[in-house]
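Look at the model first, then read on.

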Amino acid sequence: MNAPSTDAERNAVLAALRPVVEGIAATFGPLCEVVLHDYRHPDRSVVAVAGSLTGRTVGGAMSEIGMRVRARGDEARDELNYVTRTGDGTLLKSSTMVLRDSTGAVFGALCVNLDVTAVDRAHALLGALAGTAGLPADPPVTTFGDDIDAVVDAIVDAHPLRRDRNWSALDRAQRLELFRDLDGRGVFAVRRSVEQVAARLGISRASAYNYLSQARSTAGPAAGTDPAGGHA
């Protein structure tokens, strides 16, 4: 299938899903948000949205999980019923379902978010009353917004190697691990992201490109391949 035909098919799928976005959100009510993404345009991937749990608007950018799914390409899989938290503390149960064209290529995603904050509080209260309350894992905080630069900055700043120390405190292996992980999270698939990461780390653009090249040429696990956490 040639490129124009593929694009036409993908556009038709997205157009057909727009009313589905509205229908799902209407079914679950104000505690639900549904977002439709076109991964061909990561900095403006949101093509339809219903609900307002994350403040997303049409023309907005994808967030961490969307970038990570996009980085996996056609190997990406649906991520269902994961839990994350917004910056204001809202607890979300989310599912991201990838969209494929007739060739099997991933080109977008349909994402559903449910505000389960009240349910979580009720569960904690009942557990305390029954004496069975434990210490639940703290869900990751995800940056939501319409600006892809803010998403990239948040991923860099939240990285464990970056969060507690400066670039100068990292040895060569740690620097390569940082770049390898950011690459695995899909950060460098975004336009001008290498320059942005360099500025965030306080290093030159040439150094950033050099570390990225070395990270891609050396073997090692990328923490960004872990599907847990985040939101599309």
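Helix H4 crosses helix H7 in the right-handed sense. The model shown here is a predicted one. Two packed helices are described by the angle between their axes and the distance between the axes. H4 covers residues 148-158 and H7 covers residues 193-201. Their packing angle is about 50°, and their axes lie 10 Å apart. H4 and H7 are therefore oblique to each other.

Which residues make the contact between H4 and H7? On the H4 side they are Asp149, Val152, Asp153, Val156 and Asp157. H7 supplies Gln196, Val197, Arg200 and Leu201. The residues of this contact comprise four nonpolar, one polar and four charged.

Now the sheet. Five strands form an open sheet with antiparallel pairing, in the order S2-S1-S5-S4-S3. S2 and S3 stand at the edges and have a single partner strand each, so one side of each is left without a neighbour in the sheet. From one strand to the next, the twist averages 20°.

Here are the residue ranges of some of the strands.

| Strand | Residues |
|---|---|
| S2 | residues 46-50 |
| S3 | residues 79-85 |
| S4 | residues 91-100 |
| S5 | residues 106-115 |

S4 and S5 pair in the antiparallel sense, over nine bridges. What stands opposite Leu92 in S5? The residue there is Asp115.

A helix also packs on this sheet: H2, residues 64-72. H2 touches S3 and S4. The direction of H2 makes about 145° with that of S3.

Key
Residues are numbered from 1 along each chain as its sequence is written. This is a predicted model: local features need pLDDT of at least 70, side-chain atom pairs count only at pLDDT 80 or more; totals for chains, interfaces and linings use all residues. Side-chain values use heavy atoms; hydrogens and water are left out. Two strands pair if DSSP finds at least two bridges between them. Helices (H or I, at least four residues) and strands (E, at least two) are DSSP runs, numbered from the N terminus. Axes are lines fitted to C-alpha atoms, for helices over the stretch in contact, and angles run from 0 to 180 degrees between N-to-C directions. Contact means heavy atoms within 4.5 Å. Angles under 35 degrees count as roughly parallel, over 145 as roughly antiparallel, 65 to 115 as roughly perpendicular and the rest as oblique. A crossing is left-handed if the near helix is turned anticlockwise from the far one by less than a right angle, and right-handed if clockwise. Ala, Val, Leu, Ile, Met, Phe, Trp, Tyr, Cys and Pro count as nonpolar, Asp, Glu, Lys and Arg as charged, and the others, Gly among them, as polar.
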